[in-house]
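Work through the two exercises below with the sequence and the model side by side, and try each task before reading its solution.

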Amino acid sequence: MSSRIGRRHPETIVPLEDMPDLHAPASVPDGPVVRLGNVGKKFGTVTALHDVTFEVQRGEILGIIGRSGAGKSTLIRCLNGLEKPDRGRVEILGQDIVPLTESALQQVRGRIGMIFQHFNLLSTKTVEQNVALPLKIAGTPRPERTARVRELLELVGLSDKAQVYPAKLSGGQKQRVGIARALAAHPALLLCDEATSALDPETTLSILNLLRDINRRLGLTIVLITHEMSVVRAIADRVIVMDQGRIVEEGDVWQVFAAPEAALTQRLIGSQTSELPSALRDGLRNDWTQGAHLVLRVQLSGDAAQRPVLAEMTRDLDVLPVMLNATVQHVQEQAVASFVVAFADAGEALARRVGDYLAARVSRLEVLGYVQQLA
Ligand SMILES: Nc1ncnc2c1ncn2[C@@H]1O[C@H](COP(=O)(O)OP(=O)(O)OP(=O)(O)O)[C@@H](O)[C@H]1O
Ligand SMILES: [Mg+2]
């Protein structure tokens with residue numbers, strides 16, 4: 001089973017009832033926290049962003065995924081004003097930040113927290129001093145600062161490391177400090193650029209769970225960019241898939257998992273769903289020849305994933321499919337079942353009958369081809 005990333009790993013999370021009250025965050029106006037309209041950005045002849053339009057609602061976790069060079073970092077830098085687009089609007093909390101001066105941008109950045117792949121902690125400062133830094137810059141008085149840093153370290157589970165220097169921390173602990181620092185000034189938006197890419201899978205999981213927990217607890221809006229589908233799957237509500245500066249797919253995470261439309265999304269998700277043994281994959285042909293098996297990949301989601309669709313097909317069509325691979329994952333509490341089946345000596349007529357039957361009942365049907373030998 002490929003349920004590699006569970007929804008909850010409570011070991012690292014302080015139970016809600018044990019948490020101190022966090023100071024009331026500054027108010028967030030109604031409407032989307034982020035609204036991008038037709039944003040374009042070129043670097044010389046390279047189009048890093050092409051006509052990018054999307055919104056992020058309050059309290060939502062948006063995952064932005066794409067391969068290297070897709071424009072993810074450029075996009076996130078446009079969100080905090082570190083990069084100015086050539087065209088389009090970048091509204092943060094209802095305000096277009098594109099025309100703002102640097103000093104006006106500082107105000108906006110005060111509402112945005114950011115965490116990075118390589119943590120960006122100051123090595124000459126202790127954990128406590130690192131977390132306090134944004135508060136110091138904002139002119140928060142010392143007693144308030146001390147109290148806030150204490151609650152933040154408690155929130156990220158690092159109260160015992162306050163006096164330690166970053167060099168003595170593990171990667172996961174460093175990122176927890178990064179998160180505490182990003183939250184110090186009560187941001188309305190948290191931006192994460194490959195925040196778990198430098199971490200091992202288990203530590204990644206604990207950081208993602210911490211982010212999810214903070215999102216739930218504080219209602220914090222999060223935009224997270226990554227090249228790993230497992231990260232999106234673990235915590236995002238909605239996903240945007242980017243390729244060469246463009247949005248190629250967008251939707252609720254479980255729906256995109258159940259029925260990915262763009263070829264890139266299918267590839268990114270492919271490694272998460274049912275795979276074929278390489279010998280079988282290599283033997284696949286587009287055309288049927290005498291004695292060949294028809295191989296299909298089928299995905300079912302939501303209520304359909306709970307139904308015995310294959311068993312019903314066996315009965316209704318009087319066929320005997322061979323199961324080559326099967327997984328059931330839970331994405332955002334929704335079941336997404338994926339399996340690969342073969343039908344012996346299946347000519348065109350049977351292929352059409354099976355295809356029509358399944359197409360009416362499943363969320364995605366893909367004809368992988370015909371193969372002479374199953375093993
Ligand atoms: N300052 C810059 N000057 C010139 N070209 C740039 C600059 N920043 C980005 N680019 C180009 O824009 C494109 C998008 O880059 P970007 O860093 O946004 O991609 P990315 O999706 O974050 O990639 P990665 O996953 O490798 O971090 C790339 O072709 C990159 O070479
Ligand atoms: Mg990048």
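Two strands are said to pair if DSSP finds at least two bridges between them. The model used here is a predicted one.

**Exercise 1.** Describe how strand 1 and strand 2 pair, and examine the hairpin that they form.

Solution. Next, look for lysine 42, which stands opposite threonine 47 of strand 2. Finally, turn to the hairpin, where two residues lie between the strands and glycine 44 takes a positive phi near 60°.

**Exercise 2.** Characterise the interface of domain 1 and domain 2.

Solution. First locate the parts: the domain assignment gives residues 10-264 to domain 1 and residues 273-371 to domain 2. Ten residues from domain 1 and eleven residues from domain 2 take part in the contact. The centres of the two domains, taken over C-alpha atoms, are 39 Å apart.

Then consider the area buried between them, about 910 Å², of which 55% comes from carbon and sulfur atoms. On the side of domain 1, Arg233, Trp254 and Ala258 lose the most area to domain 2, and together they make up 61% of what that side buries.

Helix 8 (residues 253-258) supplies four residues, the largest share of the side of domain 1 that touches domain 2. Sorted by type, the residues of that side are seven nonpolar, no polar and three charged.

Notes:
Residues are numbered from 1 along each chain as its sequence is written. Chains are lettered from A and ligands numbered from 1 in the order in which they are written. This is a predicted model: local features need pLDDT of at least 70, side-chain atom pairs count only at pLDDT 80 or more; totals for chains, interfaces and linings use all residues. Side-chain values use heavy atoms; hydrogens and water are left out. Domain bounds come from an automatic or database domain assignment. Contact means heavy atoms within 4.5 Å. Buried area is the accessible area (1.4 Å probe) that two parts lose on being put together, summed over both. Ala, Val, Leu, Ile, Met, Phe, Trp, Tyr, Cys and Pro count as nonpolar, Asp, Glu, Lys and Arg as charged, and the others, Gly among them, as polar.
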